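Reader: Hey, can you walk me through this one? I'm new to this.
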Amino acid sequence: MKSTNPRLQKGFGQVSNEVMRDPELSLKDKGLYAYLCTFAGSQTNELIVSVYRMADECGTSPSSIKRSIDTLVSMGIIDRLFMGKGNTRKTIILK
């Protein structure tokens, strides 16, 4: 059955209230978290998307994305796994 809600017709992601309401996270960090949640598989919470694609689609610099990733990793919200030289890292949504 096709959704009548236009926001849901091209896919969506679910975000954690705990993360979105955390006062220690900046709006930029929360925005990147929400962006990552739209890519994550519903069963595995895993995704593979490059820092450069994130920066391009979010309208910011790769260094800004990397800072937000570092914050999200240090707070235990996401994890990033090295997939081998020349490969994009796998991201796992933990919260």
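Reader: How do the axes of helix α2 and helix α3 cross?
Author: In this predicted model, the axes of α2 (residues 27–39) and α3 (residues 51–58) come within 12 Å and cross at roughly 115°. Helices here are DSSP runs of H or I, at least four residues, and strands are runs of E, at least two, numbered from the N terminus. Axes are lines fitted to C-alpha atoms, for helices over the stretch in contact, with angles from 0 to 180 degrees between N-to-C directions.
Reader: So what do you call that angle between α2 and α3?
Author: Roughly perpendicular, a label for 65 to 115 degrees.
Reader: Which residues meet there?
Author: Leu32, Tyr35, Leu36 and Phe39 of α2 meet Arg53, Met54, Glu57 and Cys58 of α3; contact means heavy atoms within 4.5 Å.
Reader: New topic: is Ser68 buried or exposed?
Author: Ser68, in helix α4, is buried because its relative accessibility is 4% (buried is under 20%, exposed over 50%, partly exposed in between, with a 1.4 Å probe and protein chains only).
Reader: And what does Ser68 touch?
Author: Lys28, Asp29 and Leu32, leaving out residues up to four places away in sequence.
Reader: Where is confidence highest and lowest?
Author: Helix α4 (residues 62–74) is highest at 96, and strand β3 (residues 90–93) is lowest at a mean of 88. That's pLDDT, the predictor's confidence in each residue, from 0 to 100. The protein averages 88, and 89% of the residues score at least 70.

Key: Residues are numbered from 1 along each chain as its sequence is written. This is a predicted model: local features need pLDDT of at least 70, side-chain atom pairs count only at pLDDT 80 or more; totals for chains, interfaces and linings use all residues. Side-chain values use heavy atoms; hydrogens and water are left out. Angles under 35 degrees count as roughly parallel, over 145 as roughly antiparallel, 65 to 115 as roughly perpendicular and the rest as oblique.
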